[in-house]
Amino acid sequence: LDYLTYIDGAVSGKSIAFEPLLERAEREIDILIVIDNSGKIISKDMPPGAALEDSQKYFANKRIPFPDTRTELAANGTCSLFTRRDKKGPIMLYIP
């Protein structure tokens, strides 16, 4: 590897870009450490926790395991650990 390119996830229109990590099962992601600065920007179009809710719906539609999130915790600014009841997919440490 001669170089590494970083791209802001917002380029894809997502404030938290989970797709590049989770859409490829061979990556075998165990834990997601998410620092969500989008919650500091409050608007009616994107209330706190909306990015998690949108991502959960997106991955459910694609049948890709995604942690069960509680958007009310994100809206309250609570650091949280999310998992799935069936133990599939990664664990998420969410830091608003």
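1. Two strands pair if DSSP finds at least two bridges between them. By that rule, β1 and β3 (residues 91–95) pair in the parallel sense, over five bridges. Strands here are DSSP runs of E with at least two residues, helices are runs of H or I with at least four, and both are numbered from the N terminus.

2. A word on the basis. This is a predicted model: local features need pLDDT of at least 70, side-chain atom pairs count only at pLDDT 80 or more, and totals for chains, interfaces and linings use all residues. Residues are numbered from 1 along each chain as its sequence is written, and side-chain values use heavy atoms, with hydrogens and water left out.

3. The sheet is open and has three strands. Their order is β1-β3-β2, and the pairing is mixed. β1 and β2 (80–82) are the edge strands, as each pairs on one side only. From one strand to the next, the twist averages 15 degrees. Axes for such angles are lines fitted to C-alpha atoms, for helices over the stretch in contact, and angles run from 0 to 180 degrees between N-to-C directions.

4. Ile-95 is the partner of Ile-35. On the β2 side, the pairing with β3 is antiparallel, over three bridges. There, Leu-81 has Leu-93 as its bridge partner.

5. In a regular strand the side chains alternate between the two faces of the sheet. The covered face of β3 holds Met-92 and Tyr-94. Ile-91, Leu-93 and Ile-95 make up the uncovered face.

6. Now the loops. Cys-79 sits in the loop between α3 and β2. Is Cys-79 buried or exposed? Cys-79 counts as exposed because its relative accessibility is 52%. The cut-offs are under 20% relative accessible area for buried and over 50% for exposed, with partly exposed in between (1.4 Å probe, protein chains only). Cys-79 and Leu-93 are 14 residues apart in sequence, and 7.5 Å apart in space, C-alpha to C-alpha.

7. Thr-69 lies in the loop between α2 (50–61) and α3 (71–76). Thr-69 counts as buried because its relative accessibility is 12%. Its side chain makes a polar contact with the side chain of Gln-56, at 2.5 Å. Such a contact is a pair of N or O atoms within 3.5 Å; within protein, one must be able to donate a hydrogen and the other to accept it, and residues adjacent in sequence count only if both atoms are side-chain atoms.

8. The largest pocket has a volume of about 210 Å³. α1 (19–22) and β1 (31–35) are the elements that give two or more residues to its lining. β1 supplies the largest share, four residues. By class, the lining has nine nonpolar residues, no polar ones and one charged. Arg-27 is one of the lining residues, as are Phe-18 and Pro-20. A pocket is an open set of points on a 1 Å grid over the protein atoms alone, where a 1.4 Å probe fits, with protein on both sides within 12 Å along at least five of seven lines; lining residues have an atom within 4 Å of a point.

Terms used. Points joined across faces, edges and corners; volume = space filled by probe spheres on them. Nonpolar A, V, L, I, M, F, W, Y, C, P; charged D, E, K, R; others polar.
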